[in-house]
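Please read it alongside the sequence and the model displayed below.

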Amino acid sequence: MIDLAIIGAGTTGIATAIEAQKLRVKNITLFEKGEEHSMTIRKFYKEGKRVDKDYKGQEVALSGNIDFKDGNKEGTLEFFDNLIANHTLEIKYKSDIESVQKNGEFFTIHTSGGESYEARFVVIAIGKMGQPNKPSYSIPLPIRSFVNFNANSVKAGEKLLIVGGGNSAVEYAYDLCNSFDTTLNYRRSEFARINEINAEELKKAIESGKLKTKLGVDIVGLSDESGKVGVEFADGSKEVFDRAIYAIGGATPLDFLQKCKLSLDESNTPVVDEHCESSIKGMFVAGDIALSSGGSIAIGLNHAHTIAQEIAKRL
Ligand SMILES: Cc1cc2nc3c(=O)[nH]c(=O)nc-3n(C[C@H](O)[C@H](O)[C@H](O)COP(=O)(O)OP(=O)(O)OC[C@H]3O[C@@H](n4cnc5c(N)ncnc54)[C@H](O)[C@@H]3O)c2cc1C
């Protein structure tokens, strides 16, 4: 049982762990989908970029214990490297969290690799830069609006292809096959990464004949078939669909929040109270993902301090 699980080891997530540690919260784990911490800074800041504490004129008086100052990209990463080392934080890298569910008093955290963890408190600090994984082959322009990364656009009567072998793909497949002509494609023939409930639902859907499958074969390319999606498989076969939905890892921040069943306002920002606690008791939201616009490292550091104080009080 983890006392405090933090999703995302960006500057906000790291700061939350440190602030909580200072308040004697034990058993803290950070989950980071990248191979290193602070992936937004690594990927989106240019080499040598100046890093302003009061970013874009947002003046922030730091409330916590992290003495963050103006610097540059490399210096900022080194500053957080040192914080991690000095506080011996437990960070599980390459852990892409798919969803967090509350079961009774505790939370279950699901990774896209099929692992799950239990936690008393959860802080979501995933930032806003997340994107779904895309296939390596190109998607022809005329069919781009029919090649999707979630099921929000499906229309009545469509013939669908779902691509992927994780929980998300399987959930789309067994749900959609009740109302649509649906085929599930996975490059492997076994679904090793899905949870027991999904394995059971998948079996039922296939056995009932509602869900068709194309397993153990990869897709090698897509073509435009008069506005429909032509799918070419590695075994030489080809089939045309109205729409293809890829669920092959990664998610937009909005998809993530919806999967966690958080209440969102009209700008799709999580509804939080003055402690950054979401509509789900014990689940907090911090940093860029907690804001409708703007955001900065310093704002995230203050969220971290606020949340840590609240959690320490309750543990
Ligand atoms: C080009 C650019 C320049 C900027 N310049 C400045 C500046 O000078 N000063 C400043 O204060 N701010 C600046 N910002 C804004 C600043 O980068 C953000 O406010 C800050 O990074 C937010 O921190 P965060 O920890 O909330 O989110 P992020 O830094 O985005 O970190 C989120 C982390 O969560 C991980 N993650 C995402 N999804 C999952 C998942 N499902 N499972 C596990 N891990 C996940 C990501 O890999 C990432 O490491 C800039 C932003 C950009 C894009």
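V229 stands opposite F241 in β15. Strands β14 (residues 228-233) and β15 (residues 238-241) pair in the antiparallel sense over four bridges; strands pair if DSSP finds at least two bridges between them. The model is predicted: local features need pLDDT of at least 70 and side-chain atom pairs count only at pLDDT 80 or more, while totals for chains, interfaces and linings use all residues. Residues are numbered from 1 along each chain as its sequence is written, and side-chain values use heavy atoms, with hydrogens and water left out.

**Hairpin**
- β14 and β15 form a hairpin with four residues between them.
- In the turn, G236 has a positive phi of about 90°.
- Strands (E, at least two residues) and helices (H or I, at least four) are DSSP runs, numbered from the N terminus.

**Ligand surroundings**
- The ligand is surrounded by 30 residues, of which the closest are E32, T40, Y45, D52 and D288; a residue is near a molecule if one of its heavy atoms lies within 4 Å of it.
- By class, this shell has 12 nonpolar, 11 polar and seven charged residues. Here Ala, Val, Leu, Ile, Met, Phe, Trp, Tyr, Cys and Pro count as nonpolar, Asp, Glu, Lys and Arg as charged, and the others, Gly among them, as polar.
- At least two shell residues each come from α1 (11-22), α2 (39-44) and β3 (50-51), and α2 supplies the largest share, three residues.
- Polar contacts are pairs of N or O atoms within 3.5 Å. An oxygen atom of the ligand is 3.0 Å from an N or O atom in the side chain of T12.
- A nitrogen atom of the ligand is 3.1 Å from a polar backbone atom of K33, and a ligand nitrogen atom is 3.2 Å from an N or O atom in the side chain of K49.
- The protein covers 91% of the 1,000 Å² of accessible area that the ligand has on its own (Shrake-Rupley method, 1.4 Å probe).

**Nonpolar core**
- In the largest nonpolar core, which has 32 residues, L4, L89 and V123 touch the most other members. Such a core is a set of buried Ala, Val, Leu, Ile, Met, Phe, Trp, Tyr and Cys residues joined through side-chain atoms within 4.5 Å.
- Elements giving two or more residues to this core include β1 (2-7), β8 (116-124) and α7 (297-314).
- α7 provides the largest share of this core, six residues.

**Helix α4**
- Seven of the 10 residues of α4 (residues 167-176) are buried, so this helix is largely enclosed by the rest of the structure. Buried means under 20% relative accessible area (1.4 Å probe, protein chains only).
- The buried residues in α4 are N167, S168, A169, V170, A173, Y174 and L176.

Terms used: Buried means under 20% relative accessible area, exposed over 50%, partly exposed in between (1.4 Å probe, protein chains only). A polar contact is a pair of N or O atoms within 3.5 Å; within protein, one must be able to donate a hydrogen and the other to accept it, and residues adjacent in sequence count only if both atoms are side-chain atoms.
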